[in-house]
Amino acid sequence: MNGIEKRIAFLRTGLDLHLKLGEKMLLAYGGALYPLDILANAVLKRSMALITGFTSLVEQRNYVCAAPLLRLQLDNCIRFYGAFIVKNPHEYAERILKGTPVKKMKDRNDKLMHDAHLVEMMSEKYPWVKRVYKESSGFIHLSDKHIFCTFTEPKEEENSVGICIGATDENMPEKIWEEVIDAFIEATQVLFAHIQGWIITKENPQIVAQYRKDHDITI
């Protein structure tokens, strides 16, 4: 397998982990169900759907459609991360379930959680998030990113660049494909880390309660 195929295979192995995490979460603490469980379940389901679509699009060499799915996976990360920086994560989840936009909610420091703020906060631990969010966001609306995808690699003997129209991006350098897949893998692993963080919190309420008390926080 080449570099792209190996990365796709690795990303697909994570599909089973989604199911295992979901099962572990729902069985934790005697099977108690909290609002954050419902939000986390939606995040896991969405992530599985995105991985399935993303990997298929990469195999079809459809970069124009694959790249926006990276942005959606980052959206999964930053919005679930929001539950870790608010005063009450279950209230946060309930408000999302009722249709309240995350950007209209505030974190524990009373700051509105626009995407820019969530990205900034996450970037403190994961510096790559800010760059990847910006780059992948360029594929949501028609932009220079789409214009770039219409150019073919220059031919040295002709000293020229070709322009193509088509549904696939066969001429996209392998390095570009590898970078977008690696970013998707990183985003998925960050998502797993936060899901696991919630599972630990749910399974150990006494320890978490003591931590909150010691640090004078309510999360």
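Start with the order of elements: from the N terminus on, the chain runs α-α-α-α-α-α-α-α-α. That makes nine helices and zero strands, where helices (H or I, at least four residues) and strands (E, at least two) are DSSP runs numbered from the N terminus. You're looking at a predicted model, where local features need pLDDT of at least 70 and side-chain atom pairs count only at pLDDT 80 or more, while totals for chains, interfaces and linings use all residues. Residues are numbered from 1 along each chain as its sequence is written, and side-chain values use heavy atoms, with hydrogens and water left out.

**The whole chain**

Now think about contacts, meaning heavy atoms within 4.5 Å. Among contacts with a separation of 6 or more, 68% are between residues 24 or more positions apart.

**Stop one: α2 and α4**

Select residues 35–59 for α2 and 89–97 for α4. How far apart are their axes, and at what angle do the helices pack? The axes are 7 Å apart and the angle is about 55 degrees. Axes here are lines fitted to C-alpha atoms, for helices over the stretch in contact, and angles run from 0 to 180 degrees between N-to-C directions. The two helices are therefore oblique to each other: angles under 35 degrees count as roughly parallel, over 145 as roughly antiparallel, 65 to 115 as roughly perpendicular and the rest as oblique. Their crossing is left-handed, so the near helix is turned anticlockwise from the far one by less than a right angle (clockwise would be right-handed).

Show side chains next. From α2, pick Pro35, Leu36, Ile38 and Leu39; they meet Pro89, His90, Tyr92, Ala93, Glu94, Ile96 and Leu97 of α4. Sorted by class, this contact has nine nonpolar, one polar and one charged residues. Ala, Val, Leu, Ile, Met, Phe, Trp, Tyr, Cys and Pro count as nonpolar, Asp, Glu, Lys and Arg as charged, and the others, Gly among them, as polar.

Gly53 is partly exposed, at 25% relative accessible area.

Arg61 has a positive phi, near 60 degrees, and isn't a glycine. Most residues other than glycine have a negative phi.

Then click Val64 in α3 (residues 63–81). Is Val64 buried or partly exposed? It's partly exposed, at 29%. Val64 and Asp169 are 105 residues apart in sequence, yet their C-alpha atoms are 7.7 Å apart in space.

Find Asp110 in the loop between α4 and α5. Asp110 also has a positive phi, about 65 degrees, and counts as exposed at 55%.

Finally, select α5 (residues 115–123) and α6 (residues 128–137), whose axes come within 7 Å and cross at roughly 145 degrees. Asp115, Val119, Glu120, Met122 and Ser123 of α5 touch Val129, Lys130 and Tyr133 of α6. That contact divides into four nonpolar, one polar and three charged residues.

Notes
Buried means under 20% relative accessible area, exposed over 50%, partly exposed in between (1.4 Å probe, protein chains only).
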